[in-house]
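Subject: Structure for you to look at

Dear colleague,

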Amino acid sequence: MNTMLMRTDPFRDLDRFAQQVLGTSARPAVMPMDAWRDGEEFVVEFDLPGIDADSLDIDIERNVVTVRAERPSVDPNREMLASERPRGVFSRQLVLGENLDTDRIEASYQEGVLRLQIPVAEKAKPRKISVERTSTHKAINENGTQREVINA
């Protein structure tokens with residue numbers, strides 16, 4: 001009985017494909033992100049180590065923010081011993097809630113971290129409404145029904 005050596009393992013190939021598409025903590029497919037609320041603004045940070053700030057592009061259309069960055073290809077004349085960092089164009093979209101003020105987004109890039117600060121829209125902030133005392137009187141309409149009249 002001859003045994004055949006299987007050169008490809010379909011499960012290993014599927015795992016490798018999943019790592020490339022879905023990403024792992026060691027090799028993310030997209031730029032990793034943290035987001036939180038800090039008082040009257042939302043903060044979003046993207047890890048983009050080794051990215052030239054000039055390659056960063058942030059677009060806003062309605063309530064969708066698109067972040068693009070590029071890590072250049074390896075010099076073809078360089079003999080690589082390991083090449084684990086993803087290269088090329090990275091892109092990520094965020095759909096922001098209507099309660100955020102997309103006209104006043106601020107962006108900064110420091111030590112490989114892109115930070116977006118997005119203020120809460122004025123219309124979405126809780127506000128107090130003062131209640132004034134009024135006196136009410138009942139008036140009689142022409143048809144004889146009563147209605148309340150509020151005097152401020």
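Is E45 buried, exposed or partly exposed? At 21% relative accessibility, E45 counts as partly exposed, where buried means under 20% relative accessible area, exposed means over 50%, and partly exposed lies in between (1.4 Å probe, protein chains only).

Please bear in mind that this is a predicted model, in which local features need pLDDT of at least 70 and side-chain atom pairs count only at pLDDT 80 or more, while totals for chains, interfaces and linings use all residues. Residues are numbered from 1 along each chain as its sequence is written, and side-chain values use heavy atoms, with hydrogens and water left out.

The structure contains four salt bridges, a salt bridge being a side-chain nitrogen of Lys or Arg within 4 Å of a carboxyl oxygen of Asp or Glu. E45 takes part in one with R115, their closest N and O atoms being 2.9 Å apart. Because R115 belongs to strand β7 (residues 113–119) and E45 to strand β2 (residues 41–47), the pair ties together parts that are 70 residues apart in sequence; strands here are DSSP runs (E, at least two residues), numbered from the N terminus. R115 is likewise partly exposed, at 27%.

R68 forms a salt bridge with D57, with 3.9 Å between the closest N and O atoms, and D57, D59 and R68 are linked in a network of salt bridges.

Finally, R104 and D101 meet through their side chains at 2.9 Å, N to O; R104 is partly exposed at 44%, whereas D101 is buried at 18%.

Definitions and conventions:
Helices (H or I, at least four residues) and strands (E, at least two) are DSSP runs, numbered from the N terminus.
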